[in-house]
Amino acid sequence: MALTRDQIAMRVAREFQDGSYVNLGIGIPTLAANYVPDGIEVMLQSENGLLGMGRYPTEDEVDADMINAGKETVTAIAGASIFNSAESFAMIRGGHVDFTVLGAFEVDVNGNIASWMIPGKLVKGMGGAMDLVAGAKNIIVTMTHADKHGNSKLLPSCTLPLTGVNCITRIITDLAVLEVANGAFHLKERAPGVSVEEIKEKTAGKLIVEGNIPEMTL
Amino acid sequence: MSGFDKVVTSYEQAMQGLKDNMTVIAGGFGLCGIPEGLIAQIKKQGVKGLTIVSNNCGVDGFGLGILLEDKQIKKMVSSYVGENALFEKQLLNGELEVELTPQGTLAEKMRAGGAGIPAFYTATGYGTPVGEGKEVKEFNGRPYILEESITGDFAIVKAWKADRFGNCIYRHTAQNFNPMAATAGKITVVEVEEIVEPGELDPTQIHTPGIYVDRVIKGTFEKRIERKVLAKEDR
């Protein structure tokens, strides 16, 4: 069975190491904060200038001056820091953020990512995505393996305008965990009950399958 | 005003000198930390052909979005502009030009502009539409693009408190782009919640030293919230 959004987020959360600084994009990546395993501590960075983002506020705690990068009301944890946008992107561009998790329209075998612009549709902007993919040490892309018409999103070469080049090393989809290296996708894990054949069928870019591919642990 | 006293008492004084076709750098992230009264004054003055440099363009009827109502904005330099139907309409009509700029690059363009640095290299945007036509240089085997800094005729800033000398502190994430914007205006105007006497703010806690600030005005703020999301137990 293909994973649900929450199950993808659960698998993403297993990537985090104890003591990691993590930036989570909007959507499935944000859900990963709910599934950080016991015994692992991560600190969430929000690129509008907050390191140590906490949960959403109670009605009494709501403060118009406390928002996250998705412009949602938010709280800060004990030990958080708040700073300006240049400082925030200095920590992103300088490679100080350990993990960035973000969604994408397409990823290709060279680690290129397209996530912000579909020609012909209104372009709203890249926000901080280009900075994040150019700067973070480990970038994890979450997306469905194929679009709703069944077209693969893992391609030989991205067709949409890029967000960044040669930057994606790990992809977690509803079907599989893959690494990107040496001009190919490398299948590492499959979703419970999903066959290697199905993943091959839905991966348009070069896919390398070596040995027995284990099912994911969620 | 005398000496280092930067305080003005009317919005007319605060935005005096703003003319058609000027560039205005505005602090704020979404509707958080925006100089509401200064934006309203720009609308009231009716100046046209403005280039506005700000991460976003407000929403319909609030924030920078109100400057679209009388078509005062010629060009927006922003990282994300998706919250505004009037914006979309003027963009599709060709009445409004947008230069989409990565958020970190935008912050750095303001910072560099205020610091006298005309341009800088960054990996952000290399190989993407943002990098098209820009100089590329390799450092340690990695390609970077050259981005030019930004300065404005005016910078409009929202701070929490300022003293009469223009020393400012910001509150929580309402800080965002404001400190960089403050450095990058030929005339920097700060709208604050509270004006205090020199010496009342701890010098080690100042975010924006008064040297960057030309005018300070006490405002009143609606502080509209764009997306109120509550903890599960309060939903």
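The model is predicted. In chain A, an open sheet has three strands. The second largest pocket is lined by 18 residues, and the largest nonpolar core has 47.

**The sheet in chain A**

- The strand order is 7-6-9, and the pairing is mixed.
- Strand 7 (113–114) and strand 9 (154–155) of chain A stand at the edges, each with a single partner strand, so one side of each has no neighbour in the sheet.
- Strand 6 (residues 106–108) and strand 9 of chain A run parallel, joined by two bridges.
- A:Val107 has A:Leu154, in strand 9 of chain A, as its bridge partner.
- Strands of a sheet pair through backbone hydrogen bonds.

**The second largest pocket**

- This pocket holds about 260 Å³ of space.
- Nearest its centre lie A:Ala134, A:Val165, A:Asn166, A:Cys167 and B:Arg142.
- Helix 4 (129–135) of chain A and strand 7 (142–148) of chain B each supply at least two lining residues.
- Helix 4 of chain A gives the most, with three residues.
- The lining divides into 10 nonpolar, six polar and two charged residues.

**The nonpolar cores**

- Nonpolar side chains tend to be buried together in soluble globular proteins.
- In the largest core, A:Phe16, A:Val141, A:Ile171 and A:Phe185 have the most contacts inside it.
- A:Ile171 touches residues including A:Val107, A:Leu154, A:Val141 and A:Phe185.
- A:Val107 and A:Leu154 are also the bridge partners in the sheet.
- Another core, of 31 residues, lies apart from the largest one. Among its residues are B:Ile39, B:Phe62, B:Leu68 and B:Val189.

How values were computed:
Residues numbered from 1 in each chain as written. Chains lettered and ligands numbered in written order. Predicted model: local features only at pLDDT ≥ 70, side-chain atom pairs only at ≥ 80, totals over all residues. Heavy atoms only, no water. Pairing = 2+ DSSP bridges. Helix = DSSP H or I, 4+ residues; strand = E, 2+ residues; numbered from the N terminus. 1 Å grid on protein atoms, 1.4 Å probe; cavity = no way out; pocket = protein on both sides within 12 Å on 5 of 7 lines; lining within 4 Å. Points joined across faces, edges and corners; volume = space filled by probe spheres on them. Nonpolar A, V, L, I, M, F, W, Y, C, P; charged D, E, K, R; others polar. Core = buried A, V, L, I, M, F, W, Y, C linked by side-chain atoms within 4.5 Å. Buried < 20%, exposed > 50% of the residue type's maximum accessible area, 1.4 Å probe, protein only. Contact = heavy atoms within 4.5 Å. Lists of a residue's contacts leave out its neighbours within four places in sequence.
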